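Please look over the sequence and the model before reading on.

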Amino acid sequence: MTLPDHLLAFLPCPTPERWLEQALQHPEELLIDHANCEKKAAATALNLMFRYIDKPDLLQKMSRLAREELRHFEQVTALMAKRGVIYRGLSASHYAQRLRSEVRTSEPGKLIDTLIVGAFIEARSCERFARLAPQLDVELADFYFSLLKSEARHYQDYLNLARQYADEDITPRIQTFAAAEQAAVHADDQVFRFHSGAVPA
C-alpha cells in the first residue's frame, strides 16, 4: 500500500536510514515497543474521552480508535508469543515527551495541541510501518502493511478533530509541532525504540 501524499506532506521529514538499520538489528525491542505504543495510543484515546465528554464527535472517533489500538496490541503480543519474544518493560523514548512539551496548558489550546500531537504520532507510526515492512519477513511485513490503513485514518481523525474544535487557523500550531517532530526524529537517543531517534554508534 502506498501512503497518501497528504500524510507524507504532513510529516516534516522521512525517517532516517540509520533508524531503519537499527530497527532491523533490534527485532525484539521493535515488537515490544510496538506493543507498548499500541497500548499507550489506546490510553490516550480513552483519556480524551474522559476529559472531553461534551464533544460527541471526539467521543465516537476516540472510542473506535481505542478499540482498534487494543486490537493491534493483541495482534502484536500474539506475534511475540509465536516468536518466543517475552513481553517486558521498556523505558519510553523521548519522542512523545518532546512533542508534548509544546502543548499549551489552557483550553481550548490544550485540546487542539493534544490532537495535533496525536496526528503526528499516528502519521509517523504509519510512515515507519511502511518503511519497515519491505525489509521484514513475510509474516511481519504482512502485519505491518495491514496496519497502514487504520493508522492513516487515525492521523486524519486527530487532525480533522483539531480543525473542527479550533477557533483559529491551526496551521501555525502544526508548524510548531512539525519542527518539534523533526527535531525528535533526528535527535540522538540512548536506546532504540519504535519512535526514537537513532542511537549513536
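How many nonpolar, polar and charged residues does the lining of the largest pocket have, by class? The lining has 9 nonpolar, 7 polar and 7 charged residues. The model is predicted.

## Largest pocket

The largest pocket holds about 400 Å³ of space. Its lining is made of 23 residues. Closest to the pocket centre are Cys37, Lys40, Ala96, Ile121 and His195.

Four elements are named as giving two or more residues to this lining: helix 3 (27-51), helix 5 (95-100), helix 6 (109-132) and helix 7 (138-165). Helix 3 supplies the largest share, 7 residues.

## Second largest pocket

About 190 Å³ of space lies in the second largest pocket. Which elements give two or more residues to its lining? They are helix 3 and helix 6. Helix 3 gives the most, with 5 residues.

The lining residues are Ala43, Thr44, Asn47, Leu48, Arg51, Arg100, Val103, Lys110, Thr114, Val117 and Gly118. By class, this lining has 4 nonpolar, 4 polar and 3 charged residues.

## Elements and pockets

Helix 3 gives the largest share of the lining of the largest pocket, and helix 3 also gives the most to the lining of the second largest pocket. Helix 6 gives two or more residues to the largest pocket, and helix 6 gives two or more to the second largest pocket as well.

Methods:
Residues are numbered from 1 along each chain as its sequence is written. This is a predicted model: local features need pLDDT of at least 70, side-chain atom pairs count only at pLDDT 80 or more; totals for chains, interfaces and linings use all residues. Side-chain values use heavy atoms; hydrogens and water are left out. On a 1 Å grid over the protein atoms alone, a cavity is a set of points where a 1.4 Å probe fits but cannot get out, and a pocket is an open set with protein on both sides within 12 Å along at least five of seven lines; lining residues have an atom within 4 Å of a point. Grid points are joined across faces, edges and corners, and a volume is the space filled by probe spheres set on the points. Ala, Val, Leu, Ile, Met, Phe, Trp, Tyr, Cys and Pro count as nonpolar, Asp, Glu, Lys and Arg as charged, and the others, Gly among them, as polar.
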